[in-house]
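Work through the following exercises with the sequence and coordinates at hand. Each task is followed by a solution in steps.

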Amino acid sequence: MALQSGEKLPMFIGHVWSKQKSRWTLMGLRLLAFLAAAAATLVMVLNKQTKTFVVATIGTTPVNLTLTAKFHHTPAFVFFAIANGLVSIHNLVMIMVDLLGSKFDYKGFQLPMIASLDMLNLALVSGGANAAAFMAELGKNGNSHARWDKICDKFGAYCDRGAGALIASFLALALMLVISFLSILNLKLVNSSSHNSHNNIIALPN
Amino acid sequence: MEIKEANVRAKAPNKTDKFVLATQICLRIAATATAMAAAWVIFTANQTVEVLGMSFDARYSYSPAFKFFAYANAIAFDFSLMSLFFMFFARHALTATIYFFFFLHDLMMMSLVLSGLAAGTAIGMVALDGNGHTGWIKICDRFEKFCDKVTVSMALSYVAVVCLLVLTVMSAGKSRQI
């Protein structure tokens, strides 16, 4: 056993947490995280607003200025879109591996690889979501000390859609946190049960 | 029975275990020191500039992103220091479950510092280059010393994140063995 004699498992590991339940819980969470991250990516990439301002009037003809707000004007939003895209691809690949990957021989590296990749993607989505969140806060409130004006009073729809993408991304972040935790728990469970039985958490080749 | 034999077998600390423990303690010292240095540098980064008789100043508290970055590094320093003391004083009694809690702690700290870094970098790039589309002008040509100190603080924080990442992976690895 991976635990020494007389040591108690924490409450949440144990007889209640069976292998099948663990597998389907993890897959359900991955599906939710994939949907959240994909939604965040799509909403941010398609975020665009064009507005025409009247800046002057020459005689009776108004002089118009057309300004467009696109997501790729801000490097932080580009990073946000890329990070969420990568996280959604990661979750999709992990679901595929779980469903279809029982034929490959991973040489014992499957669970550590899954756990490491989950941690890396957690770091990625955390970075993307926070960078975009603070850029959005700057756009909403401006910064009087640096003489930066807010833009959300002029481009309200752009800001609202960006806020929606941010909420989806933070949801994906919370889900990735839980998924990371469960992946490491899977490692412990497999190790502690490998002396007892030959069942595995995720279908590995026998 | 297989299980009883595994329990009865004595666990003497071999060279690999000592190496891993030493690496963990060194990395924790590095993460604590860099987080503390990053927090210290940004807390003390002030600069006042006189332009046309008016004085403008720059400090970390003028931007919520820099505030978040500073507080994230300070919190990471506190928790890393506590974990360092815990690991040092409990070094002969480290089990898989304790390593699991170390893993959770390191994961949380890495996420926190990385979030602070992302926020600070995003706003720092706006301060460094400006943003032509929104009409935000750069401020780093006026406040050179402030911008340099913030850059140094972020570089130290990046080092802390790398240390914490390696610590997370090591703690996760140790939490399933023993």
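**Exercise 1. Determine what share of the contacts in chain B between residues at least 6 apart in sequence join residues at least 24 apart.**

Solution. Step one is the criterion: a contact means heavy atoms within 4.5 Å. Step two is the count: among contacts in chain B between residues at least 6 apart in sequence, 78% join residues at least 24 apart.

The conventions apply to every exercise. This is a predicted model, in which local features need pLDDT of at least 70 and side-chain atom pairs count only at pLDDT 80 or more, whereas totals for chains, interfaces and linings use all residues. Residues are numbered from 1 along each chain as its sequence is written, chains are lettered from A and ligands numbered from 1 in the order in which they are written, and side-chain values use heavy atoms, with hydrogens and water left out.

**Exercise 2. State the order of the elements of chain B from the N terminus on, and set its radius of gyration against that of a compact globule.**

Solution. First, assign the elements as DSSP runs numbered from the N terminus (helices: H or I, at least four residues; strands: E, at least two). Chain B then has five helices and two strands, in the order α-α-β-β-α-α-α. Second, take the radius of gyration over C-alpha atoms, with the globule rule of 2.2 Å times the number of residues to the power 0.38. For 178 residues a compact globule would have a value near 16 Å, but chain B has 21 Å. Third, consider the principal axes: the C-alpha trace of chain B spans about 85 × 30 × 20 Å along them.

**Exercise 3. Classify Gln24(B) as buried or exposed, and list the residues that it touches.**

Solution. Of the 178 residues of chain B, 47% count as buried. Second, locate the residue: Gln24(B) lies in helix α2 (residues 15-43) of chain B. Because its relative accessibility is 0%, Gln24(B) counts as buried. Third, leave out residues up to four places away in sequence; Gln24(B) then touches Met87(B), Tyr99(B), Leu167(B), Met170(B) and Ser171(B).

**Exercise 4. Where does Leu52(B) lie, and where does Arg147(A) lie?**

Solution. First, Leu52(B) is found in the loop between β1 (47-51) and β2 (54-58) of chain B. Its phi is positive, about 55°, although Leu52(B) is not a glycine. Leu52(B) is exposed, with a relative accessible area of 83%. Second, Arg147(A) occupies the loop between α3 (110-141) and α4 (156-193) of chain A. Arg147(A), also not a glycine, has a positive phi near 60°. With a relative accessible area of 52%, Arg147(A) is exposed.

**Exercise 5. Identify where confidence is lowest and highest among the elements of chain A, and where pLDDT stays under 50.**

Solution. First, recall that pLDDT is the predictor's confidence in each residue, from 0 to 100. Chain A averages 82, and 83% of the residues score at least 70. Second, compare elements: strand β1 (residues 48-58) of chain A is lowest, at a mean of 85, and helix α2 (residues 75-100) of chain A is highest, at 93. Third, pLDDT stays under 50 over residues 1-9 of chain A, for which the model has 23 contacts beyond four places in sequence. Residues 195-206 of chain A likewise stay under 50, with 25 such contacts.

Key. Buried means under 20% relative accessible area, exposed over 50%, partly exposed in between (1.4 Å probe, protein chains only).
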